[in-house]
Amino acid sequence: MKIYNLKDLTKEKIEALCTREQGDDAFVRTRVVEIIEEVKMKGDEALFRFAKAFDRTSLDQLWIGKDTLQQLASSLEKEVKTAIDTAYQNIAFFHKSQLRKEKKIETMPGVNCWRENRAIDRVGLYIPGGTAVLPSTFLMLGIPAKIAGCREIVVCSPPSADQLVHPCLAYVAGLLGIDRIFLAGGAQAIAAMTFGTESIPAVDKIAGPGNRYVTEAKKYLQPHIAIDMPAGPSEVLVIAEENARPEYIAADLLAQAEHGTDSQSILVATSGELIDRTLKALEEQMHDLPRREIARQALDRSYAILCENLEQAMDFSNTYAPEHLILAVEDYTDLLPLIRNAGSVFLGPLSPESVGDYASGTNHTLPTSGFARAYSGVSTDTFVKKITFQHLSAKGLQQIASTVETLAKTEGLEAHRRAVSIRLSSE
């Protein structure tokens, strides 16, 4: 992990540090376009071939059904089922609170306007595979989609070597009432849900995180499909004051680093001594991590920044716009209004980012790569459309008519004006 002093950094250097681009981005983009075109043209045939090439398995079919899912789920240990059940309850409780009926507003006497939610008919959920099994992501996507009332939920996840999925995913599918998981991963899964294949139906919107290929596919296909957000390699930024506990900070940085070699863990601290102690704690804790080589590579592309005060730290954080922001400070209240750009925030020394990843209730599918400047994380809102309604009484039409007629005339849209005046003359 490199160490920088904020006072020595120019504006251009800060912007460079906050850029997540990697050297082979152009290659990734080119390869993704090739994969997408192959799936668009050849459908299932391409998916079978990509499963063999990327997942190293020769599939007999591109999905597993309810009976197989139930068999897989039954093999799961009781302790794991209980943990998933608890996470399900907390996530569902939090997301149910997001469905609120809005009031009707009378903007003028007799002019009533309001909005109502309507679920997106068919949504696609992408559950990553690769180096880790992620039932938590299935919960984070499936629960709000179910609460929203989506009529059809299409799920894609990379196949395991035995042409199946992990029992954890099968168990979550049962909780959600989903009786089929499609065995497709990577950019090819995103293409399949966008255009449809012989096996996988096309959807109206795709949600779910993934590696750089998945993220690039979602961005590239946006003219054809709605997406939740660009959610790529995971990241955390920890802001810490001098009395913070370095072992806590190290644990949080490693928790993010073990996601993947392209993850990023950033420490912004007001104390050089704390940075040194945290780096030492990182080495000590990394020693016995099963995924230590992955974490080490991620930390090699991460860094620490020394700043003079917490306000400077917040300024840097807002420029970086982290997926996860941890305020490792005792009195964080004054910092809350300063937070402009972040996916999800963890407050105080006893709020590790891991609880948000799994079970506190908030969603862990969040904007990365600086997209927290403009995007929110997944919520029930991700799976609904908000449709506006208006109703005018005779009095309301009379109240608003001259305003509309004048504006229509100003814009040279005579038919717009007449749509009002014809109603006035017939009253």
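1. A convention comes before the counts: Ala, Val, Leu, Ile, Met, Phe, Trp, Tyr, Cys and Pro are classed as nonpolar, Asp, Glu, Lys and Arg as charged, and the others, Gly among them, as polar. The model is a predicted one.

2. On the cavity: the count comes to 1 cavity of 30 Å³ or more. The largest cavity holds about 30 Å³ of space. Its lining is made up of Leu47, Phe50, Ala51, Asp55, Pro159, Leu183, Ala184, Gly185 and Gln188. By class, the lining of the largest cavity divides into 6 nonpolar, 2 polar and 1 charged. Helix H3 (residues 44–54) supplies the largest share of that lining, 3 residues.

3. On the second largest pocket: its volume is about 460 Å³. There are 26 lining residues, and those closest to the centre of the pocket are Arg20, Glu21, Asp25, Lys219 and Ser369. Helix H2 (25–42) and helix H9 (212–220) are the elements that give two or more residues to this lining. The largest share, 4 residues, comes from H9. The class counts for the lining of the second largest pocket are 5 nonpolar, 10 polar and 11 charged residues.

4. The remaining points concern helix pairs. Two packed helices are described by the angle between their axes and the distance between the axes.

5. On H2 with H8: the axes of H2 and helix H8 (residues 186–195) come within 9 Å and cross at roughly 45 degrees. The two helices are therefore oblique to each other, and H2 passes H8 in a right-handed crossing. On the H2 side the contact involves Val32, Ile35, Ile36, Val39 and Lys40, which meet Ala187, Gln188, Ala191, Ala192 and Phe195 in H8. The residues of this contact comprise 8 nonpolar, 1 polar and 1 charged. Gln188, listed here in H8, is also one of the residues lining the largest cavity.

6. On H8 with H9: how do these two helices lie relative to each other, and at what angle do they pack? The angle is about 30 degrees, and the axes are 7 Å apart. That makes H8 roughly parallel to H9, as angles under 35 degrees count as roughly parallel. The crossing of H8 and H9 is right-handed. Gly186, Ala187 and Ile190 in H8 meet Tyr213, Val214, Ala217 and Lys218 in H9. By class, this contact has 5 nonpolar, 1 polar and 1 charged residues.

7. On H5 with H7: helix H5 (residues 78–96) and helix H7 (residues 167–176) have axes that come within 11 Å and cross at roughly 45 degrees. H5 is therefore oblique to H7. H5 passes H7 in a right-handed crossing. Val80, Lys81, Ile84, Asp85 and Tyr88 in H5 meet Cys168, Tyr171, Val172, Leu175 and Leu176 in H7. The contact of H5 with H7 has 8 nonpolar, no polar and 2 charged residues.

8. One item to check on the display: H9 gives residues to the lining of the second largest pocket and also packs with H8 at an angle of about 30 degrees. H2 likewise gives residues to that lining and has its axis within 9 Å of the axis of H8.

Definitions and conventions: Residues numbered from 1 in each chain as written. Predicted model: local features only at pLDDT ≥ 70, side-chain atom pairs only at ≥ 80, totals over all residues. Heavy atoms only, no water. 1 Å grid on protein atoms, 1.4 Å probe; cavity = no way out; pocket = protein on both sides within 12 Å on 5 of 7 lines; lining within 4 Å. Points joined across faces, edges and corners; volume = space filled by probe spheres on them. Axes fitted to C-alpha atoms, helices over the stretch in contact; angles between N-to-C directions. Parallel < 35°, antiparallel > 145°, perpendicular 65-115°, else oblique. Left-handed = near helix turned anticlockwise from the far one by under 90°. Contact = heavy atoms within 4.5 Å.
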